[in-house]
Amino acid sequence: MKRTLVFAAAVTLISAGLLPGADTLTGYQIARKVKSANEANTTQVTAQLKLFSSVSATAPAETRSVSMKSKKIGDGLKKHVFRFTDSRYRGTTFLSLDNAGSDTTFYLYLNTVGRPRRLSSGEKQNQFIDTDFTNEELGGFDLDDYTYDRIADIQYNGKPHYRVWCHKKDQSAKFPKFLAIVDPEKSVIVKVSVYNKAGRIEKVGTFSDVRLVGGKYWVPFSMRVEDKIRNHASEIRISVVDVDRAVSDTYFRPQSMNNPW
Amino acid sequence: MRGKQIVFAFVLIVPVLALQGFGLQGDLTLYGSAILDGGEYAKNSAEMTFTATERIGESMIRTEVDCFWSSVHGSQPDILIREASWKHVFEVSESGLVRSLTLSAGMLRFTWGKSDELRVLDILNPQYLNFVLFDGIEERKLGRLAFGLEASLGDCTALEAVVLPLAGRTVIENQAMMPKAMRDLYAAGRIWSGFEVRETWEARQSLDDLSLALRWRDQIFGVDYGFYWYHGYHNLPVFKWTNVDFSNPADPLALILQEYRKTDMLGIDFEAALGSFVFRGEVALYVKGKTFQMGQTAAIADAMGGGDGTRAKRYLQYVIGFDNRNFLVEKLYLNLQFSQNRILEHDSVLQQDAVETIGTARVEYGFDRDIVTLKLGFGWFVSRGWQGNPEVSFKIDDGVALGIGAWLMQFEATDPMYGSFDKMDFGYITMSAKF
């Protein structure tokens, strides 16, 4: 779930600098910062998704083009849509709509089905198609789905970073907890370790090449998730980010998920 | 009319190709099969689908054309227009009652209903039925000339109105896979010179005979739902008996017209997530114009008495089901559906039973990154028979997939609908490549 935080933060360009007195922040306050501080009003991303057949592989087994768009609809709330634009999955489109006070609604459009299909809340932590990213990581997580515990800061890349345990409230979750390492200056998660029900680290996400976009949003241009148990990895490498430019609401409607982009 | 449709498709596609940055994509599908247990033949085909898309601002053009050779098709090679559409979105306001208006025109493809394998509301588009029991509904759909206006009132709320000037023309020419009662009519035509089945779909139809459709969709308490109304031509033809004279049994006369009739249908559907399950359902109620075939003997008697071998009845169809993507174990996909078709005030002369009950199940499990996926589809046609479809698919690379499977069926040979498929078990191998 921690990873969820990180991914969502990265993909949606969350987070910004922390306020003075940040050292007194609680785990929840840090999580809230990560979710909202770098969130632009709108974001449009073009990226490459690379699938590696093993964690140690240097060349990807598959590379796909993806396009993502998001729009802020409130404090910590957004609409987000993700589409594969080539490969056998082209046209596959994933839409998440945050709802104030209730679960995020997920829809998946597959060409073979011909209409958007609802996903259940139980599928939040399912893999997205055949990648190592979960639906929740790509679509964004509900802050209220977790409880947060800040623990002692650590040195990461030579600088002090926050550490926050994120515990899923749903005890039956596939990934009941994750540990997030957060860059305090940029409010960007730089690493997450995701634990499975057996208490083992199943996935590790690293977020790097953090750049300032639009003069005020810190965005990790590289997001890599390694599945330590199945020994494979997925990586999203952003090539273009465009922020705070008008994006039509029609991109975020279930009935429009098969429209050309 | 097909020629006009092709011209129409190219009128739309050429401007797209002329635009800078248009998208052109192709799908190549090869399908080979071998009969396992008697039967006539299955299908061998090579199909190339071209899809051209372009979006300029809020205008969108999409054209999808199939070019194919297929052993289940009458003429080789041939093309089908799946879609040739133009859409334009007019943004109205970000927070007002109407957020946007969407105009659409062309050979459009609609998806009505929220069910999976069985979709009783999805009747606007004509279909390609030459491989009917084995193609999914999206593979069967053909574009239909239509003009639409949709008013969006929110992310999940919209009112859509559609005008369809012409009846859709469903392709149903492969006699080996027709419903048995239909195939028997064509067989009679081959035996008796005075017995003819004739298609009457007309290219030129009156514009004062439009089909109209309305759809309202919304979400309340987390439940997506829709209301539907359709007044227009059904996408399946009925067989109208005319000029019947069986006074000489050795050389009877009959002209059977395959015609499309107007119906009035009301519908409702829903989709709701509950825990790790997603429930879906839809109901279609034909209040007027839905006609049913009589059995052959009754049809002859009816036609001899001035009738046409059909009866109009109110008709109710419903489907309910659910799916779960982590059923019992992680990544095991389960989809179950239950459906009934009920002819209200059923008449014993009708070929179709008063109540038809169908159950479907689909189970899938993908290993690793779905490099290998096991699939099993099953349909149970209560008191009539069943069909099963085991398949294993392999992801060769990001653009190429291979599938090996079989269709196994058991029906009574005399069943007027599914009798044609008894003893048609076959195995198949299919390869698809996208570029």
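Here are some notes on the predicted model of chains A and B, starting at their interface and moving on to strands and loops.

1. Ground rules. Residues are numbered from 1 along each chain as its sequence is written, and chains are lettered from A, ligands numbered from 1, in the order in which they are written. As this is a predicted model, local features need pLDDT of at least 70 and side-chain atom pairs count only at pLDDT 80 or more, while totals for chains, interfaces and linings use all residues; side-chain values use heavy atoms, with hydrogens and water left out.

2. The interface. On the chain B side, 58 residues are in contact with 51 residues of chain A (contact means heavy atoms within 4.5 Å). Together the two chains bury about 4000 Å², with 38% of that on carbon and sulfur atoms; buried area is the accessible area, taken with a 1.4 Å probe, that two parts lose on being put together, summed over both. Within chain B, the residues that lose the most area to chain A are Asp155(B), Arg369(B) and Asp398(B), together 21% of what that side buries.

3. Charges across the interface. I find 13 salt bridges between chain B and chain A, where a salt bridge is a side-chain nitrogen of Lys or Arg within 4 Å of a carboxyl oxygen of Asp or Glu. Over all chains, the count by this rule is 65. The touching side of chain B has 30 charged, 17 polar and 11 nonpolar residues. In this classing, Asp, Glu, Lys and Arg are charged; Ala, Val, Leu, Ile, Met, Phe, Trp, Tyr, Cys and Pro are nonpolar; and the others, Gly among them, are polar.

4. Two pairs to look at. Asp155(B) forms a salt bridge with Lys79(A), with the closest N and O atoms 3.2 Å apart. This pair crosses from the loop between β6 (144–152) and β7 (158–164) of chain B to strand β3 (residues 77–84) of chain A. Asp323(B) forms another with Arg117(A), at 2.8 Å between the closest N and O atoms.

5. A sheet in chain B. Three strands make an open sheet in the order β8-β12-β11 (chain B), with mixed pairing. Strands here are DSSP runs (E, at least two residues), helices likewise (H or I, at least four), numbered from the N terminus; two strands pair if DSSP finds at least two bridges between them. The edge strands of chain B are β8 (195–199) and β11 (238–245). β8(B) pairs with β12 (residues 253–259) of chain B in the parallel sense over five bridges, and Glu196(B) has Leu255(B) as its bridge partner.

6. Antiparallel strands in chain A. β1 (residues 42–52) and β13 (residues 232–243) of chain A are antiparallel over 10 bridges, with Val45(A) partnered by Val241(A). β12 (residues 217–227) of chain A also pairs with β13(A) in the antiparallel sense, over six bridges, and Arg224(A) has Glu235(A) as its bridge partner. β12(A) and β13(A) form a hairpin with four residues between them, and Asn231(A) in the turn has a positive phi of about 60°.

7. Backbone details worth a glance. The peptide bond from Gln76(B) to Pro77(B) is cis, with omega near -20°; Pro77(B) sits in the loop between β3 (59–70) and β4 (78–91) of chain B. In chain A, Ile129(A) has a positive phi near 50° although Ile129(A) is not a glycine, and Ile129(A) is found in the loop between β6 (116–119) and α3 (135–139).
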